[in-house]
Amino acid sequence: MGRSFFVRSPETGACFCGRCGKRQLTDLYNMKKHAQICNPQFSEKEEVLVVEEGRSWGYRLENAPGVLTLSVCAPFLIRIRGFKDRFSGMEWIPVFVAEFAAGTKNPRILSNDTGYDMEVLLSLIRAGRIIPISTKRDSEVIRRLFPCIDIYSLQMFAHIYKCKGFSTDKRIKPGTENWLFEKTPGSKEWKEPEKHLTAEPGKIPICAAVYKHRNDSYILQVVLKKEQEKIVFLFTRGYCSCSHEVDLNEIFRQQYYLVGNAMKAIEVFDKAYPEYHLATYAKRSENILTPLLAADYHTGMELAAKAGATAIAESYDKLSVFEKSPRLFHNLKELFGLSVPVLRALKRDQINDAVMGRLREIYEYQPAFLQFESYTDSMMEFYMRGNVTHRVLNRERGIEGIGALNDRQILQILRYLEKHPDDGHYYCDYMNACVQLGEYVYGITPDIPIREAHDRVVSRIMNEQDWNTKRKFEFAVKSEEYLKLATCCNEEDEEFFDKDPYMVTAPETSDDLFRESENMHNCVRIYVPAVAQRSTRIYFLREKEKPDKSYGTIEVSGDGSRLIQAKDFGNRKLPGRAQKFVIKWCRRKRIRIDTLDITKVPYGIS
């Protein structure tokens with residue numbers, strides 16, 4: 001075992017080396033130095049891993065003649081007799097053992113003390129919550145036993161094993177396969193992507209061709225060019241092969257575009273093998289690798305791909321529902337609580353756990369609110385911030401006065417926002433401002449441009465704000481509850497965020513919101529009454545090198561538990577680096593991200 005583990009004891013809270021049992025300081029620098037001395041196989045490029053005794057799990061794969069064994073183990077410290085806090089090392093105690101025998105489809109469970117079935121454990125391994133014990137790659141161990149199968153992950157192996165077994169051989173001769181790996185269909189077509197790289201930033205070109213094989217069977221060759229590397233996939237019924245060993249998670253996360261005669265090849269392949277639903281999928285998304293590989297990778301992805309819900313299939317790594325057992329994937333309606341047309345209407349950048357939960361609430365209340373072919377950014381902001389379900393519990397979502405509107409008026413607003421795709425933020429703030437004034441000044445769907453209506457109503461509110469509101473504002477922003485979310489409220493926070501280029505500060509007076517509104521070209525100034533009433537909180541994102549210059553504006557719910565908005569200049573989204581800092585800040589302050597403004601949300605935080 002080349003990896004170096006350090007075990008944290010729940011009794012003492014201290015960390016101990018898994019090899020020699022010596023107590024170590026909890027910083028990674030000292031742990032790594034000790035690992036280099038204690039473990040001859042430890043490489044400087046590797047990372048030391050810290051596990052909790054009796055709480056964390058690891059897994060290992062072992063192959064014997066005709067059998068592959070999967071073991072999930074828990075770490076335990078080996079105590080020196082007579083001492084409670086002295087140890088001679090650690091050992092991994094198996095809590096789950098399963099065997100995959102060649103020639104069968106049913107894995108044999110030898111022991112299970114985890115309380116979970118194998119599908120859940122495999123999902124936890126895929127999510128990184130159960131860490132690998134050995135330094136050997138899963139695919140390396142699996143291919144020793146099953147060399148004829150193109151396996152890229154443990155989950156892919158388990159799925160194929162239970163669905164198809166390993167009794168069948170490759171259906172394409174090695175000579176034909178090698179020839180197709182080397183061949184690039186229509187080499188002239190690869191000149192086309194070069195011209196369009198600037199027009200398709202961040203996307204990878206795909207070229208595809210169909211070749212007739214034995215009898216009436218066909219082979220679909222999919223070629224993608226990533227930087228200087230050419231990767232070739234071959235597909236036919238029940239068969240998939242790749243010219244390289246690739247990370248399928250990375251393949252699924254990429255965005256692609258089709259070039260040359262790729263669409264014609266897809267149509268020919270779809271007629272021969274309609275079970276892939278490839279042509280239907282390609283009309284909605286150019287990432288044709290998802291439906292082709294999903295069947296052998298993830299059942300939920302396969303269901304979404306065949307249903308034409310392309311954004312769902314391509315966002316599987318952002319949705320926690322895909323962590324459930326595959327036996328629950330009977331259909332998408334059971335899985336998400338939403339109809340297939342709703343799932344088809346979503347875009348890839350509109351999807352995370354918070355959005356899916358909110359849409360499920362709306363669908364349960366009134367499905368008609370979601371009956372649109374697609375959802376504009378304006379509509380999504382209204383769904384997330386508005387009390388669309390008329391429930392009192394949701395009034396904190398921003399548009400408190402929306403509860404006075406009936407279902408017919410809600411539909412009227414949604415149709416209005418469908419025609420104004422970029423004005424959702426201004427519309428929601430316009431409605432907030434109208435609630436403060438006690439009337440919808442230009443109606444619920446203004447005839448004049450929404451930004452003009454918004455600016456007029458905001459100006460009227462500024463003229464009507466009184467001295468008492470400003471005093472309440474100052475009391476609110478100086479309270480301990482308000483200030484504790486700033487990054488400089490105590491020494492621990494200052495140390496935690498010391499190396500970050502950003503900081504989060506709180507306003508001191510209502511005039512600060514006026515200046516922020518002018519500098520950032522947003523309407524944060526109308527939030528003065530809401531902050532004074534403690535129904536919302538406003539914070540400023542600043543660069544440490546330029547603390548007096550406006551950089552980003554943040555809105556948090558009144559109780560400090562949810563991030564509602566995080567805006568750049570002109571209500572745009574923050575840059576990627578700033579978004580990562582906001583995610584770190586939310587983790588530190590235990591704030592749940594409940595907005596589409598943060599698009600770089602990792603699994604488990606939204």
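Aromatic pairs and charges over a ring

Modeller: In this predicted model, Y375 and Y383 are both buried.

Biologist: What makes Y375 and Y383 an aromatic pair, and why is the pair called edge-to-face?

Modeller: Their ring centres are 5.8 Å apart, and rings pair if the centres lie within 6.5 Å. The planes stand at 85°; over 60 degrees counts as edge-to-face, so the pair takes that name. The structure holds 16 aromatic pairs.

Biologist: Why is the pair of F496 and F497 called edge-to-face?

Modeller: The angle between the planes of F496 and F497 is 85°, and the cut-off is over 60 degrees, so the term applies. Centre to centre, F496 and F497 are 4.9 Å apart.

Biologist: How do you know whether F497 is buried or exposed?

Modeller: F497 has a relative accessible area of 2%. Buried means under 20%, so F497 is buried.

Biologist: And why is F496 called partly exposed?

Modeller: The relative accessible area of F496 is 36%. That value falls between 20% and 50%, so F496 is partly exposed.

Biologist: Which residues form one aromatic cluster with F496?

Modeller: F497, Y502, Y551 and F581.

Biologist: How do you know that the charged end of R588 sits over the ring of F496?

Modeller: The charged end of R588 is 4.5 Å from the ring centre of F496. The distance limit is within 6 Å, and the position must also be within 35 degrees of the ring normal. K584 also lies over the face of F496, at 5.0 Å from the ring centre.

Notes: Residues numbered from 1 in each chain as written. Predicted model: local features only at pLDDT ≥ 70, side-chain atom pairs only at ≥ 80, totals over all residues. Heavy atoms only, no water. Phe/Tyr/Trp six-rings, centres within 6.5 Å; stacked < 30°, edge-to-face > 60°. Buried < 20%, exposed > 50% of the residue type's maximum accessible area, 1.4 Å probe, protein only.
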